[in-house]
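Me: Let's go over this one together. I'll ask, you answer.

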Amino acid sequence: MWYAMLIACIPLVLLIFSQVWLRYVFHLPLLWVEEVAIVPAFWMYMMGAAYATFERSHIKVDIVGITVHSPKRRLIIRFISALITLGLAMLFLQWGYQFFVWDLKMNPQTSSLRFPIVYARCSFFFAAGILGGFYFWIETVDLARQLFWGKVPLFTRKEM
Amino acid sequence: METALFGVPNLGIFIDLAILIGLLLLGVPAPFAFMAALSFLVYVYGFEVTAQLPTAFHKMKSLTLLALPFFIMLGGFMTVGGIADRLVAFADALVGRFRGGLGMVAVVACAMVGAIAGTCSAAVAALGGLVVPEMEKQGYSRGYATGLLAVSSVLGQLIPPSVPMILYGFITYQSVTACFLAGVGPGILTVIIYCIVNYFMVRNNTEIKVLPPIGVRAQTKQVGVALYKGFFSLMMPVILLGGIYGGIFTCTEAAAVALVYAIVVGLFIYRSLKLRDIGGIFATQSVTTGVVVLMVIFVLVLSRVMTMQNIPQGMIAMISEVTENYYVTLLMVNLFLILLGMIVDDFTGTLLAAPLLFPLMTHIGVHPIHFAAILGTNLGLGNVTPPTAPILYLAARIGNVSVDKMIKPALVFMVCGALPVVLVTTYWPDLSLFLPRLLMPRVMGVAG
């Protein structure tokens, strides 16, 4: 997953950079760059989102960690929030699937290259939906283990 | 087209906001809290999500959004690539010899880093390890140093390029370059006020060492040396801002060029960047981007659904019932934004407030670009205000000091520094609109 993000990032930077380069040095504007760039861009966005779930580094409001001092209570609240998030992630998966099916059926294309947009958009379902959803399952199960069976966390988050 | 729910007008939006903020407080990740708010509206008003998503994705194709990951990555490279060090050294040569000079260095360096990286957290992360130990060596308390850094980090989102401004421009269909310029006036004002407050706070502190003043020539020489050593770092804002406002490249292209430049400088000139670090920086920063983009998707759909249900109009009608006064409405917006900033971080706050308040602001006659500056300063103040204060806690972690030690100096800066800036920015539109009008008359609708 880490490498996938890297593979998406580098061509993205190079594409945009070469667009400037070609325009000024060779006076050759590349119009198709915008249409190709969306594929690595979308995959990077969605892989990034899925990786954030794996790392548990989604943007969160950490008011519970500040105001609730009892570890047991904190764990209970975290478990409830994980359950809600999991539910939403499953809904997300359903939306992603419907969207993917819709895209396959309609097969929208970009305006000048006639390039199927589904290559970019399916990342919403595959990367963010399936992968992200999978890691939310792991997080919830991990919290449940800690809460009900007193097990140690499977995964400790690295501090910055 | 009905905003009333169970016969109560505007009930839908209140339940929706309650769901959003309640879930955020419970610790649900921000993108999913937005998604929950969206699914509530979708089910209540009977929309088809799959019919709404393509519009959001269609908008996401825009290259403007790509500026977001690039600037976030640039922040990562600044910290590792040795670019931030040189900026601090240059700021030190400029103002370091005054009493309380190092405090000013921290403020000015935040502004310079802000001119490259564009987020509060990037400014804190890049400078925390550099400025705080140095200030401690010269006799400042660690709490004071970290507190100052935390409150100054708001400059990261005021001085262009700024990531929250990209988000704002993207969501509300405004020119991102004009939004960037809106932050400059308030940003410079913040720098000046913070330097003055800093001077008064350390004036009577005898523990702080001040290097003896040197003659003008020696000082000039020192600045010259720092300028020479930091030349490649200082070129960075020049490339970025000069490129964007000189019309050479778009915002996204400028970010890509600066990114390649930062890598080349870090690898071959300063040599503090290792080839194997690059992958790590790319990957970490794309995680941040991924989370923000996921939020952007839901916010795009959410604001579309809200507009289709006439919810903003309902809100305007409701607020006009309370007051028609321009200033009172703005004061309410101030309070709301600061409270919002206290709970959520700058990205989430911008994404939440921009679509919600934008129609109201244009209705009472606030210029869209002026609202960008209002949003930036207000959320920036909220972000360092306890209890949640995301940036304050980040600074505490990086500066390795407990929050209670830094809270007192930070509060002084907030009350004497940030609050006046917020009020001035809100009630004096020219402060933020002067530069955009001067440099981009056509975009601003002024006959040039």
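Me: At what angle do H16(B) and H19(B) pack?

Reply: About 15 degrees, with axes 10 Å apart. H16(B) is residues 275-308 and H19(B) is residues 346-364, both in chain B. Helices here are DSSP runs of H or I with at least four residues, strands are E runs of at least two, and both are numbered from the N terminus. Axes are lines fitted to C-alpha atoms, for helices over the stretch in contact, and angles run from 0 to 180 degrees between N-to-C directions.

Me: Parallel or antiparallel?

Reply: That angle makes H16(B) roughly parallel to H19(B). The cut-offs: under 35 degrees is roughly parallel, over 145 roughly antiparallel, 65 to 115 roughly perpendicular, the rest oblique.

Me: What's the ground rule for the model?

Reply: It is predicted: local features need pLDDT of at least 70, side-chain atom pairs count only at pLDDT 80 or more, and totals for chains, interfaces and linings use all residues. Residues are numbered from 1 along each chain as its sequence is written, chains are lettered from A and ligands numbered from 1 in the order written, and side-chain values use heavy atoms, leaving out hydrogens and water.

Me: Back to chain B. How do H20(B) and H22(B) cross?

Reply: At roughly 160 degrees, with the axes coming within 9 Å. So H20(B) is roughly antiparallel to H22(B). H20(B) passes H22(B) in a left-handed crossing. The residues in contact (heavy atoms within 4.5 Å) include B:Ile374 and B:Leu381 of H20(B) and B:Met414 and B:Val422 of H22(B).

Me: Which classes of residue make up that contact?

Reply: Eight nonpolar, five polar and no charged. Nonpolar covers Ala, Val, Leu, Ile, Met, Phe, Trp, Tyr, Cys and Pro; charged is Asp, Glu, Lys and Arg; the others, Gly among them, are polar.

Me: And what's the angle for H5(B) and H13(B)?

Reply: About 170 degrees, axes 9 Å apart. The two are therefore roughly antiparallel. B:Phe90 of H5(B) and B:Val223 of H13(B) are among the contact residues. By class, seven are nonpolar, two polar and two charged.

Me: Which peptide bond is cis?

Reply: The one from B:Pro160 to B:Pro161, with omega near -10 degrees. B:Pro161 sits in the loop between H9 and H10 of chain B.

Me: What is phi of B:Tyr173?

Reply: Near 60 degrees, a positive value in a residue other than glycine. B:Tyr173 is in the loop between H10 and H11 of chain B.

Me: Switching to chain A. What span should H4(A) have?

Reply: At 1.5 Å a residue, its 36 residues (71-106) should span 52 Å. The rule is 1.5 Å times one less than the number of residues. The end C-alpha atoms are 51 Å apart, which agrees. A:Asn107 follows, with a positive phi near 45 degrees.

Me: How much area do chains A and B bury?

Reply: About 5100 Å², 81% of it on carbon and sulfur atoms. That is accessible area (1.4 Å probe) lost on putting the two parts together, summed over both. A:Tyr45, A:Ile59 and A:Trp95 lose the most in chain A, together 16% of what that side buries.

Me: How many residues are in contact?

Reply: 53 of chain A with 62 of chain B.

Key:
A crossing is left-handed if the near helix is turned anticlockwise from the far one by less than a right angle, and right-handed if clockwise.
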